[in-house]
Structure formats: C-alpha cells, structure tokens
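Welcome! Take a moment to look over the sequence and the model before reading on.

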Amino acid sequence: MSTNTSSLNPITASTPEPHQHWGSKWKCYVILAIIIAGAALVRFRLRAMPLERDEGEYAYIGQLMLHGIAPYRVAYSMKLPGTYVFYALLLTLFGQTPAGVHEGLILVNVLTLCLLAMLAARLFGPTAATVSAASYALLSLSPSVLGFAGHATHFVVLWAVAAALLLSGKRRSTGILFACGLLLGVAFLMKQPGILFAVFAALFLIRETIRSANLQSPRWVWAKLAGRLAALGAGVLLPFLLTCLLLWRAGVFSRFWFWTFTYARQYAAIVSLREGARNLWASIPGVVGPGWTLWVLAGVGLTALYWDRRIRERSDFMLPFLVCSFLAVCAGLYFRQHYFILMLPAVALLIGAGISSFVRSLKPGWIQVMPVVLFLAAWGFSLLKQEDFLFRVDPVTACRAVYGPNPFPEALEIANYIRSHSPPGSRLAVLGSEPEIPFYADRLSATGYIYTY
C-alpha cells in the first residue's frame, strides 16, 4: 500500500517560515558570509598561538605519518587515528608550524559553519540559519571551551553535522543512508565519542520509520526499519574496518587495539559516577562563562520544541541530536572544556529555533524585529566579555591568559635549540607531557610514551 507520509515526517513537512521572501533570504546569506569571514579573521589573527599538548600530540603523530611511520608504532595514544590523518593533511597543505595547524582549523571551522547554517535553514528557516551560525561561530571560538585550539572535537563535529544535514533531507534511500553512515563512521575515527552521533541517527530513523508507517503492516515496518539501519550501520562500520585493515598491514594493529580500546576502556572507567557528577558541576560555570546569555537562549529554544508547532515537528530530530551530543561530552566523565565543543551544534540550533519561533509568532512590523535585537544583545554581550582575547592580545599573551604557566611558548624555544644543536637523526625524551617539542624539532621521541602522569 502506498501512502503519503510527508505530513508525518518532521523534516520534510511543508511549513515555510512566514514573512520570508527571497530578498530576506539573500540578506541572511550576506550576513552569513560576514559572520563566517569575521570568525575566520579572528582565528587568523591568533593563528601563531603556540600549540598545547593535545595539538602537539596530533601534530607529532601526523608528522610521523608524513615521514612514513604508522600511528602507534613509535608514539602511543588512546585516540583513534582519524585526527592524525587529518592533521597530516593539514600540515601538508598549510605547513608544519603552529600557524599551519591553526590555518587548517580555520578551514574546518568555516566548513562546519556552512554545513550548520544549511542544516538550520532546512529545519527552521533562514532566520534560524543566520542565528545558529552566529552562535556557533562565537561559542566555538571561545577560550571557555578552548575553541581556538585544534582539538579532535572540532573534527568530530564537522563530520557529524555533515551527516545530520544529509539525514535531514527529503530522500532517505539506501544509498543516502549508507553515505550518512560513512560520514558518521569518519566522525567516530576522529575520536571515540563520535559514535554517539551514529546512535542519534539510528534513533531518528527508528522514530521516523514508525511514525511514517501509517496503515502498513508491522512486518513491512520492521523490514523497512531493518533495511534502513543496515544501510546506516554498514556505512558506519566501513571506515573503521578499512582502518583496521590498513593498520594490520602496517604491523601495528595489536598496539592500536591495546591503546584505543583496552587501555582507553580502563582510562574511561577510572572516574566514578559520583566523581563525574562533581566534575560536571564544577565545569559548567567555566564552560558557559562569557557565553551564558547564549546558553540561556538555547534553553528558551528548547522550550519552543513544546509550545511551537513548527518547531515541535522537528523534535524527533532535535531531541536525539541534543541528548546524544551531551552523552558524547560525558565520555569518561572527565568533562574537560574542549569536550563541550561536541554540544555546540545542538546548542546553536536551539538558539536559532527559539529566535525564529519568536519572529514567526509576532505580527509583521517593527515588533517582529525584537527577538533578533534580543539575540544581538546576548551575542554582543558575550563578544564584549571576550574582546581582549579575540581582538587585542597577541598570540603568546592569549596562550598565557588561557593556560597560565604551562610551558607552551617555551616549547618553541626549546625545540628550536634542539633542532639547531642536534643532527636530524637524533632522538629526544621529554620528562613530562609536551609532545609538541618533538614536533617542532622534527625529531623522533626516544620513547613511545609521549605523555607522563
């Protein structure tokens, strides 16, 4: 039996945003371009900021890959190799320097902003696209989440948002679901918590398939659901299986498995639920920090999922996306600042949904501009609270302001000395946790243990 399910589909339902026309859409596109360019310029100004430890790890192992050395052979890490591969690509394109790393991050951030704006426009309209992009641009740059640094969470978000955009389209053929799974599989390879976005996709497909079943027989519904989940799952698994094959051929599969699963599982089990709750409670003020006004607007947007019919039609998409984003932050229960980057796309979408909802609920005229004015006030407040970091201080001072006495600027001087006073084949050992030093010096570490605790 063939039925029309568009009215039951929360993504494809035809509910255009009132009072919008092509002129206003093009205005939104111009504003989006300004937002993206502005965020890129701020990041470009800070591009020479010294690398911190995680960046140093990714850059060092990426550099080893460019020298033909497989991950996990001479440097041990519990992270999956996707971010190392991405770093190797960025180092090739932009150079093996802190500026090169951060110029690559600019590209990643710009792509994420574009994809997020497209997703918000598809879900909630052009106003939401502009607001969501502006929110993510500022939140993802904030020192409160270490957003200026090239953490793996940025790379997870890029692929996860791309998959969410693909999933939100009108067509969900087997090929599209497989492609969506591929994107989510790559997100997982960037860092283990990325698998939670695959869980989001599965939950959405389950709910959407059941809702669109209408008068179909239960057997037909289960068969369709099984086919959809199989296509998605096959896509998710393929990048991981290919990675395992390549690492096996490189002779490092046993080390890869030990560090990224056996050891990582033990590491994630160290913190108890009670300690994790304390960690979360202690981290919230610092993470929300100067952007608290935007987080409040996200909370308002969350309520719109219940009192606004058009927004509520997207709840089957937004609620799993929000919950799974938060669960990804919870990995290991450490709640470190940069983990919260995984939540920022969902937060930005909620802000866009809330502002768009208020705009549509008001009568045409000057009063309809008030929600946008409210957003600009909240956004501007957050920006002004961070203006010194974003617009005034030099990269080294910015590094000191965030990381205090950590020797990240000194690592550059130490590495320059080592490079100029040792032959290229020399090895060095760092009695501490500064893998950025062997990266700067372009020297092999004397030990695979590049972190010390």
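The model is predicted, so to speak of local features a pLDDT of at least 70 is needed, side-chain atom pairs count only at pLDDT 80 or more, and totals for chains, interfaces and linings use all residues. Residues are numbered from 1 along each chain as its sequence is written, and side-chain values use heavy atoms, leaving out hydrogens and water.

**Helix H2**

Helices are DSSP runs of H or I with at least four residues, strands are runs of E with at least two, and both are numbered from the N terminus. Helix H2 covers residues 53-66. From its first C-alpha to its last, H2 reaches 20 Å, close to the 20 Å expected at 1.5 Å a residue (1.5 Å times one less than the number of residues).

H2 is mostly covered, with 11 of its 14 residues buried (under 20% relative accessible area, 1.4 Å probe, protein chains only). Among them are Tyr-58, Ile-61 and Leu-64. At the N-terminal end, Glu-52 caps H2: one of its side-chain oxygens lies 2.7 Å from the backbone nitrogen of Asp-54. Just after H2, Gly-68 takes a positive phi of about 85 degrees.

The buried residues of H2 pack against these elements, among others:

| Element | Residues |
|---|---|
| Helix H3 | 82-94 |
| Helix H4 | 98-124 |
| Helix H6 | 152-167 |

**The largest pocket**

H2 is also one of the helices that supply at least two residues each to the lining of the largest pocket. H10 gives the most, with 8 residues.

Definitions and conventions: Buried < 20%, exposed > 50% of the residue type's maximum accessible area, 1.4 Å probe, protein only. Contact = heavy atoms within 4.5 Å. Polar contact = N/O pair within 3.5 Å; in protein donor to acceptor, adjacent residues only side chain to side chain.
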